[in-house]
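Here's a quick briefing for anyone meeting this structure for the first time. Take a look at the model, then read on.

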Amino acid sequence: MLIKKKVLNNLFVFILIVGVLTVSLATIASTMPVAAKDVPSHIILTWTGDARTTQTITWQTDANTQDGQVQYWEVRPGHLGEQINLAAQVKTVVSNKGEFNVHTATITGLKPGTRYAYRIGIPGTWSQQAHFATAPVTGGEFKFLVFGDSQSINYDTWRTTLHNAYQANLDTAFFINMGDLIDMGQDYSQWDAWFNATQGVLENIPCMPVVGNHETYAPERRLAMPTLFTDQFKLPMNGPEGLKGQVYSFNYADVHFVMLDTQIDEEGRFVPDMLEKQKHWLEEDLATAGEKWKLVFVHKAPYNNKPNGNPTIRTGFAPIIEKYHADLVFTAHDHVYAHTYPMYNGMAVENPTKGTIYVATGRSGSKTYSTSIAKEWDDFFYNPLDEPNYLTVEVNDNILTVTAYRQNGGLIDKWSIVK
Ligand SMILES: [Fe+2]
C-alpha cells in the first residue's frame with residue numbers, strides 16, 4: 001500500500017514537471033521571434049522585370065545580417081560558366097514575430113531561354129545550389145501551375161499539393177497562387193509555415209502571387225494593407241499608385257498576365273479609389289498588350305460560386321476584361337473548381353472568340369466550403385471537398401489547355417481553347 005502511494009506521489013510530481021515544462025516551452029515558442037535565422041531562408045524566385053532577361057531572387061535572414069549576395073552562372077554541359085556575384089538590397093521588415101531582413105537581388109542582362117545555376121551568400125555561408133531559367137524570346141510552348149487558396153490550419157496540405165504538382169510537372173515555368181495564401185496575412189508565423197512548405201520548389205521556379213482578402217487580416221481582428229505580402233514577394237512595380245507590387249502585369253512568351261486586387265471591402269478604407277484606379281490602369285494595360293493571349297487573375301470572382309454574388313467586382317472589372325477580350329480570367333475565394341461558358345456582357349456566348357471564360361481554381365490548402373454552388377453560367381463545376389486540387393495551363397502557340405487535377409494526380413477536367 002505504502003509502495004503504491006509512493007509510486008502515485010512520484011507519478012504526480014512527474015506529471016506536474018511535464019506540465020510546467022510544456023507550458024513554459026509553449027510560452028517560449030509563442031514569444032520567440034520566428035525570423036531569428038542567421039542562414040538564408042525563404043528563398044523566393046519572382047520577376048520584377050522582363051522574364052526573358054532578368055531574375056529576381058529574394059531571401060530572408062535575421063535583422064543583423066546585412067551583406068547578402070547572389071552568385072550565378074550559366075549552365076552549359078561540360079563547361080562551368082563564368083560565376084558572377086551581385087550584391088543584394090536589404091530591407092528590415094517589422095512583423096508581429098519580430099524583425100527580419102529581406103535581401104533582394106535582381107539579375108539583369110541574362111540570355112533568353114537559358115538555364116542558370118545560383119546560390120545565395122551571406123558572410124561565411126552559402127546556400128545550396130539551385131536553378132532558374134529565363135523565358136524564351138517569344139512564342140513557343142510552355143506550362144505553368146495555378147493553385148487556389150492555400151490558407152490552412154497547418155501548411156502540410158499546401159506542401160503536399162505544391163510538391164505533388166511540381167513533381168508531376170517538372171517542366172513548369174512558374175506557378176501562380178491565387179490569393180489567401182495564408183489564413184492571417186499579417187501573422188508572420190503563418191508565412192514562415194507557408195514558405196517552409198515551399199522549400200524545394202520556390203528556389204527553382206518563380207511564384208507570381210495574387211492578393212486575397214486573408215492577406216489583409218491582422219491580429220486582433222484588424223484589417224491592414226497586405227504589407228507582409230508586398231514586403232516578401234518582389235513583383236513588377238507597374239501597377240497603379242498606392243497598389244504597386246500587388247497589382248501588376250508581366251509577359252511570358254506570347255502571354256500577357258494581369259494580376260488585380262479585388263479586396264475593395266478590406267483595403268478600400270486605406271486606398272479609397274482602388275477600384276477606379278485599377279479600372280483605368282486595366283483599360284490602359286489591356287489596350288496596349290500586344291501578346292497573343294491575355295489572362296487575368298483575381299481572387300474574388302466576377303462570376304462566383306457562393307450563394308451571394310460579387311456585384312462590385314463584376315460591374316467593375318468584367319466590362320473592361322471582356323471589351324479587350326481577355327481569353328481567361330482565373331479566380332479563387334470560393335474554393336471550388338469550375339469554369340463558365342464564354343461570357344460577354346453578362347450573357348453566355350457561343351464560343352471563346354466572342355467572350356471570356358472565368359475559371360475558379362479550387363483550393364490547394366485544407367479549407368473547404370460545402371456552401372459553394374454551381375451557377376447558371378457554369379459549364380463545369382466540381383467542389384473539391386474530399387481532396388485539394390491544382391491546375392496546369394499549357395500554352396502551345398494557338399492552343400491553350402487547362403487541366404484540373406486532384407492533389408493525388410487524378411484527373412478532374414481538361415479542356416482547350418484554340419485561336
Ligand atoms: Fe478569399
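Along the chain, the donors of the iron ion are spaced as D-x32-N-x85-H-x33-H. Donors here are N, O and S atoms within 2.8 Å of the metal (3.2 Å for Na, K and Ca), and since water is not among the atoms, sites may look incomplete. Keep in mind that this is a predicted model, where local features need pLDDT of at least 70 and side-chain atom pairs count only at pLDDT 80 or more, while totals for chains, interfaces and linings use all residues. Residues are numbered from 1 along each chain as its sequence is written, and side-chain values use heavy atoms, with hydrogens and water left out.

**Around the iron ion**

- The protein donors are D180 (OD), N213 (OD1), H299 (NE2) and H333 (ND1), and they sit 2.0 to 2.2 Å from the iron ion.
- N213 is in the loop between α3 (188-198) and β13 (217-218), and H333 is in the loop between β18 and β19 (337-340), so this pair ties together parts that are 120 residues apart in sequence. Helices (H or I, at least four residues) and strands (E, at least two) are DSSP runs, numbered from the N terminus.
- The arrangement is irregular because the four donor atoms subtend angles of 86 to 166° around the iron ion. Four donors count as tetrahedral if all angles lie between 85 and 135 degrees; four count as square planar and six as octahedral if opposite donors are over 155 degrees apart and all others between 65 and 115; anything else is irregular.
- N213 counts as buried, with 4% relative accessibility, and H333 counts as buried at 15%. Buried means under 20% relative accessible area, exposed over 50%, and partly exposed in between (1.4 Å probe, protein chains only).

**The seven-stranded sheet**

- Seven strands make an open sheet with mixed pairing, in the order β15-β16-β17-β18-β22-β19-β23. Two strands pair if DSSP finds at least two bridges between them.
- At the edges are β15 (248-252) and β23 (378-382), each pairing on one side only.
- β18 (residues 328-331) and β22 (residues 357-361) pair in the parallel sense over four bridges. L328 has I357 as its bridge partner in β22.

**The five-stranded sheet**

- Another open sheet, again with mixed pairing, has five strands in the order β12-β11-β24-β25-β26.
- Its edge strands are β12 (174-177) and β26 (411-418), and each pairs on one side only.
- β25 (residues 399-406) and β26 run antiparallel, joined by seven bridges. A404 stands opposite D413 in β26.
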